[in-house]
Amino acid sequence: MSRTSSLTALTPKVVTGFLGTWVLALLAANLVPVLIGALVADLGMSVGAASTLATAMSLGTATGIFATNKFVAHGDRPRIARVGLVVMALGFGAGAVILAEPAVVIGVVLGGIGAGVVVATATAASAATRDPDKTVNTVMIVNRLAAAALLAIVPFLGSDLRNILMILAALGLAGLLAAGGLPNLPIEAAQKPATERRFGSKAVILAVVFGVWSMTEDLVYAISGVIGMESAGMSLDSVSFVISLSVVGGLLGALASPLALKLLGRSVAVVAIITIGSLCKYAVLTAGSAAVLSVGIVLAGTMYGAVLALVFGLAARMDLSGRVGTLVMGVYIVGVALGPVIGGNLIGLISAQALGLAIGIPSLVLGALLFWISRRSGVSERGGELAVAAEGREGQPTLAG
């Protein structure tokens, strides 16, 4: 197992390592809307059953992340990532070849688990780079670009189920060579005895708070189309176009996050951006016009992209082993998986105003908690390059943080 004697710079090989693992594995989640449509059209599944399978795939990804967490600190990250990539390729590939409902169900869940192993490994590896914020931001930006490109290309390749599953399997195979660029734990840190085997309270609180926040975000995103058509008088095509613009907004948010980090500092930037995002979510949930809903969705998507980069950068800096970042990523994926399910059940039970308050107010509280965690984490407010020190990061906490 190769080790580096210092934190890793973002050389072309290392960047390719992250793009060929982290970005490719996350693309499975970006194809969920297309996957659901293909399951209904080609296998005759109901929309509810297809959506449940998509949720199961996301929960499988979270399971893969949690199961891998304890191995990523001192393990051979390129090797672990390759195991996940192979599982991802085998799961989706088997479903594509057999194309019968039982095989597709098992294959999609197995592919999700494999993707989780890859995401966990790459997330941990980001903590071993000289500037984790820059690493995370690079991945988030490319992920948004790749997702937009893939969603645009898939219709030309064929949106039937077999093609979609083959594309997902091919993504797993494509990452096998790139995985070698993922950095392992530096020698200095690997040789030091672990002072704490459990996660510290701030790491656990960060993961839970961010997971609940992500659930509120994806809840709004999932039901925004229904609100647009039923309350704002929009057509399906108009809603789809606005939602696609929110993905572009997420890209702009990720691009702007380094500027917010430098100008405001992480804590103030996070709470300010989440406050704006919470107001946007309330506007979307209570929208009575196409203009309000459109502006709300796009701005919310922009804030979402910025917060992801800032919080995952924080998690990576909290612990050199990468286990805190992996924990936060796993709980975040659970929130993403549960948001649409909860939103779909709530939208018909309570009024728009009540739903807006039920989501908007807790979002503000969660933003305040993230501000508190960031301020007490010991992590640099404005980022920058780091060095390995006796207790993990120089002047920063380890798992006990």
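Visitor: Arginine 317 and aspartate 133: buried or exposed?
Guide: Both are buried, where buried means under 20% relative accessible area, exposed over 50% and partly exposed in between, with a 1.4 Å probe and protein chains only. This is a predicted model, in which local features need pLDDT of at least 70, side-chain atom pairs count only at pLDDT 80 or more, and totals for chains, interfaces and linings use all residues. Residues are numbered from 1 along each chain as its sequence is written, and side-chain values use heavy atoms, with hydrogens and water left out.

Visitor: What do arginine 317 and aspartate 133 form?
Guide: They form a salt bridge, with the closest N and O atoms 2.4 Å apart. A salt bridge here is a side-chain nitrogen of Lys or Arg within 4 Å of a carboxyl oxygen of Asp or Glu.

Visitor: Where in the chain are the two partners?
Guide: Arginine 317 is in helix H12 (residues 290-318) and aspartate 133 in helix H6, so the pair links distant parts of the chain, 184 residues apart. Helices (H or I, at least four residues) and strands (E, at least two) are DSSP runs, numbered from the N terminus.

Visitor: Which salt bridge does arginine 266 form?
Guide: Its partner is also aspartate 133, and the closest N and O atoms are 2.8 Å apart. That pair too links distant parts of the chain: arginine 266 is in helix H11 (residues 266-285) and aspartate 133 in helix H6 (residues 132-157), 133 residues apart.

Visitor: Why does arginine 266 count as buried?
Guide: Because its relative accessibility is 1%. Aspartate 133 is buried at 8%.

Visitor: Which residues are linked in the network?
Guide: Asp131, Asp133, Arg266 and Arg317 are linked by salt bridges.

Visitor: How many salt bridges in the whole structure?
Guide: The search finds 5. One of them joins the side chains of glutamate 381 and arginine 375, at 3.8 Å from N to O. Glutamate 381 is partly exposed at 22% relative accessible area, and arginine 375 is partly exposed at 47%.

Visitor: Changing topic. What is threonine 326 in contact with?
Guide: Leaving aside neighbours within four places in sequence, threonine 326 is in contact with Ile65, Asn69, Val72, Ala120, Thr123 and Ala124. Contact means heavy atoms within 4.5 Å. Threonine 326 is found in helix H13 (residues 323-346) and is buried, with a relative accessible area of 0%.

Visitor: Which residues form the nonpolar patch on the surface?
Guide: Phe241, Leu245, Val248, Leu252 and Leu255, with about 450 Å² of accessible area together. Leucine 245 is in helix H10 (residues 236-264) and is partly exposed at 33%. Patches are made of residues with over 30% relative accessible area and no salt bridge, joining like charges within 9 Å and nonpolar side chains (Val, Leu, Ile, Met, Phe, Trp, Tyr) within 5 Å. Accessible areas come from the Shrake-Rupley method with a 1.4 Å probe; for residues, only the protein chains shown count as cover.

Visitor: How many helices and strands?
Guide: The chain has 14 helices and 2 strands. Buried residues make up 55% of its 401 residues.

Visitor: What does the chain average in pLDDT?
Guide: The average is 88, and 91% of the residues score at least 70. pLDDT is the predictor's confidence in each residue, from 0 to 100.

Visitor: Where does pLDDT stay under 50?
Guide: Over residues 389-401, for which the model has 45 contacts beyond four places in sequence.
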